[in-house]
Amino acid sequence: MTQISGQQSLRILVAGGGIAGQALAFWLTRGGHRVTVVERFPALRAAGAQVDLRGQGIEAVTAMGLLDAVRGKLVDEAGVAFVDARGRARATIMANTSGQGRQTLTSEYEIMRGDLVRILHDATKDDAEYVFGKSVDGFDQDEHGVVAHFSDGSSDEFDLLVGADGQGSRIRRAMLPEGTDPYRRLGIHMAYWFVPRIASDSNIRDTYMAPGGRQIMRRSHNPTETQAYFVLREESEEASAVHRESAERQQAFWADRFRDAGWQTERFVAGMRTSPFFYSQEIVQVRTDTWSKGRVVLAGDAAHCASPYSGMGISGGLVGAHVLAGELNRHPHDLPTALANYDAVLRPFVDKIQAEVNPRIPRLGMPMTQRAITAFQSATAVACFLRVPDLVARYSKEDRGGDWQLPQNPAPLGVSRLGL
């Protein structure tokens, strides 16, 4: 690979080695910059549940030349079934594999988060410097640079600090005025983990609803493992606080809330304790008026988490990295212009995907009474019989990101950062 001649090289620190952070490293190194990615976990966080690509997210991966690698790791999920307490499918919505229109409840591009993380890491590890087991605990900045203070007591100076450290971003907390609440809460909570796969687990995602605003999803991603999801509609201080407690306390909370839900609840609760990982979170959106301050800028979920119900969380992170890197590569000598352009170009897209999440819509899938559950399943069954979801998907002119156009590639492919 070759360097870009005549390009001003910036020293850039990316806090967070997830999807957005690694996508930034991909494009910034190809723009000729020296990139360091710090990740607080001791190794690559190649775990997590199933994610998908849609609309402009597919275009962003294509621009990186990684679509074939993604295709090679796709999860076989043919559709989504709404099942009753006996596991019988009352309605099934299949994926749209026509190549036209928009994706349905399941995407044509379903992939495990860990596989996508590994694909991005393989594409960046030779060009960017990765430091694991270390986090940015604070920073100071002036017109000449930003000094990052690390968890091991060390400090270093950079031209730019990027906070790509997720929904609960420490960089965002330090950047925004004290007391700022960036979260739009939906009154929905989710936990997910893996259990052993059994013979009845098919390539159709099962969705089961229980009274009390509870939903269980089952989806299987390989021959031996199945993903279990508990989703809860609840607005209480206890539900919001439990995600900051120990895994044992979280598991007790979820087992208690779903103890009489029926269907395969007992199987999934029993599998919590032996799962290789367990994750519990409140479903929120991150909304802020600004994504940058001086030489510090936010990216991915730290800037604009759209929530899983947008269907564009991963795609949004990839698209945001594409835009931010492009502006930095085009204006390395003028950071204020680059960061202002990043906001101006990306915000219409973010506004669109966040607006897709109307809290009343997700709650329709978490009815409070059995009567409402029956009504939902009956209406969905009729719609599927008439092929309404399939026709709507195939003949839609745009996906969830609307008609917003992905900008030109941030940098030529086949180019590496200075000094490598």
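**Cavity, pocket and sheet in a predicted model**

The lining of the largest cavity is made up of five charged, three polar and one nonpolar residue, where Asp, Glu, Lys and Arg count as charged, Ala, Val, Leu, Ile, Met, Phe, Trp, Tyr, Cys and Pro as nonpolar, and the others, Gly among them, as polar. The model is predicted: local features need pLDDT of at least 70 and side-chain atom pairs count only at pLDDT 80 or more, while totals for chains, interfaces and linings use all residues. Residues are numbered from 1 along each chain as its sequence is written, and side-chain values use heavy atoms, with hydrogens and water left out.

A cavity is a set of points, on a 1 Å grid over the protein atoms alone, where a 1.4 Å probe fits but cannot get out; a pocket is an open set with protein on both sides within 12 Å along at least five of seven lines, and lining residues have an atom within 4 Å of a point. Grid points are joined across faces, edges and corners, and a volume is the space filled by probe spheres set on the points. One cavity of 30 Å³ or more is counted, and the largest cavity holds about 30 Å³. Its lining consists of Asp 76, Glu 77, Ser 202, Asn 203, Ile 204, Arg 205, Arg 218, Arg 219 and Ser 220. Strand 13 and strand 14 are the elements that give two or more residues to this lining, and strand 14 supplies the largest share, three residues. Helices (H or I, at least four residues) and strands (E, at least two) are DSSP runs numbered from the N terminus.

Strand 13 (residues 204–210) and strand 14 (residues 214–220) run antiparallel and are joined by five bridges; two strands pair if DSSP finds at least two bridges between them. Ala 210 has Arg 214 of strand 14 as its bridge partner. Both strands belong to an open sheet of seven strands with mixed pairing, in the order 5-4-13-14-15-12-16. Strand 5 (89–94) and strand 16 (278–286) are the edge strands, each pairing on one side only.

The second largest pocket contains about 320 Å³ of space. It is lined by 19 residues, of which Gly 55, Ile 58, Glu 59, Gly 101 and Asp 399 are the closest to its centre. Helix 2 (residues 56–63) contributes the largest share of this lining, three residues. By class, the lining of this pocket has nine polar, six charged and four nonpolar residues.
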